[in-house]
Amino acid sequence: MEAIAQTSPSPESSEPQDSDDSSNSDTTEQVDLDSETIENSPVLQRWLEDIPDVLSEIRSDPSFRTRLRLGYSQFPSTDQAGGFNVGIEDVFIGQTGLTVSADYQATFEGDRQAYGADLRYYIRPLGSYINVAPVIGYRYLETDEYTTDDLNLGLRFLLALSRTGAADISLTQTWVAPGRDEEVGITTLSVGYALTEDLRISTDIQKQNSSFNKDSRVGIVLEWML
């Protein structure tokens, strides 16, 4: 009877095969970077220290910045009188959407002036390109025709064209002394554009409507972003 030759499996065939997926998951690809490149890139330094939660930052990091404002104002409805305006916009309170703003504007002759302070609460995530904020505060108004001061209520709409504060458009509509005979509606359109990393130029167009008179103001403002 012929002996049947039995062949044992070779060592090569008995060794388990590592799949490509297993190999890829256990291997970390290292990228060598020039030290000068890393030193000149804050973004690379940050990512090498810890990978940030980009989505969370987009939602929570404001797409606009606090701004100190100083500029020239023209009052077309007050015999084209010249004046000035100063203020601060959107000082953040903690990590919330609540901000504080204040401003003062007047003619050089002092026959017209306005000042006030407001709280704004931005409803959408601060990193959004489009946002809206209810406004509540106090405002004093003085013109040739009337003087009033009272509660200031309204809404602010913001279109952030750049998340760095480099450019944005805002429209604010408020009412001073709402519901009273002295009620005054104030509409302000503002467009800002950055000249440098921290300095912007902004233009303001403002309409002030009451039962006594209709007033207007146009301003060119330099803004220092904080």
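1. In which sense do strand β6 and strand β7 pair, and over how many bridges? Strand β6 (residues 147-160) and strand β7 (residues 167-176) pair in the antiparallel sense, over 9 bridges. Strands here are DSSP runs (E, at least two residues) numbered from the N terminus, and two strands pair if DSSP finds at least two bridges between them.

2. On provenance: the model is predicted, with local features needing pLDDT of at least 70 and side-chain atom pairs counted only at pLDDT 80 or more, while totals for chains, interfaces and linings use all residues. Residues are numbered from 1 along each chain as its sequence is written, and side-chain values use heavy atoms, with hydrogens and water left out.

3. On confidence: pLDDT is the predictor's confidence in each residue, from 0 to 100. The chain has a mean pLDDT of 85, and 79% of its residues reach 70 or more. Over residues 10-30 the pLDDT is below 50, and this stretch has 1 contact in the model (heavy atoms within 4.5 Å) beyond near neighbours in sequence. Residues 1-8 also stay under 50, with 0 contacts beyond four places in sequence.

4. On the fold: 10 strands form a closed barrel in the order β1-β2-β3-β4-β5-β6-β7-β8-β9-β10, with antiparallel pairing. Neighbouring strands of this sheet are turned by 20° against each other on average, direction ignored; the axes are lines fitted to C-alpha atoms, and angles run from 0 to 180 degrees between N-to-C directions.

5. On individual pairings: R156 has T172 in β7 as its bridge partner. The hairpin of β6 and β7 has 6 residues between the strands, and G165 in this hairpin takes a positive phi near 85°. β7 also pairs with strand β8 (residues 184-194), in the antiparallel sense over 10 bridges; D168 stands opposite G192 in β8. Elsewhere, strand β3 (residues 98-107) and strand β4 (residues 113-121) run antiparallel and are joined by 9 bridges, with A114 in β4 as the bridge partner of Q105.

6. On the cavity: a cavity is a set of points, on a 1 Å grid over the protein atoms alone, where a 1.4 Å probe fits but cannot get out, and lining residues have an atom within 4 Å of a point. Grid points are joined across faces, edges and corners, and a volume is the space filled by probe spheres set on the points. The structure holds 1 cavity of 30 Å³ or more, and the largest cavity has a volume of about 470 Å³.

7. On the lining: 33 residues line the largest cavity, with E89, R120, R156, T188 and Q206 nearest its centre. Strand β2 (residues 81-92) supplies the largest share of this lining, 5 residues. The lining divides into 6 nonpolar, 13 polar and 14 charged residues (nonpolar: Ala, Val, Leu, Ile, Met, Phe, Trp, Tyr, Cys and Pro; charged: Asp, Glu, Lys and Arg; polar: the others, Gly among them).

Methods
On a 1 Å grid over the protein atoms alone, a cavity is a set of points where a 1.4 Å probe fits but cannot get out, and a pocket is an open set with protein on both sides within 12 Å along at least five of seven lines; lining residues have an atom within 4 Å of a point. Helices (H or I, at least four residues) and strands (E, at least two) are DSSP runs, numbered from the N terminus.
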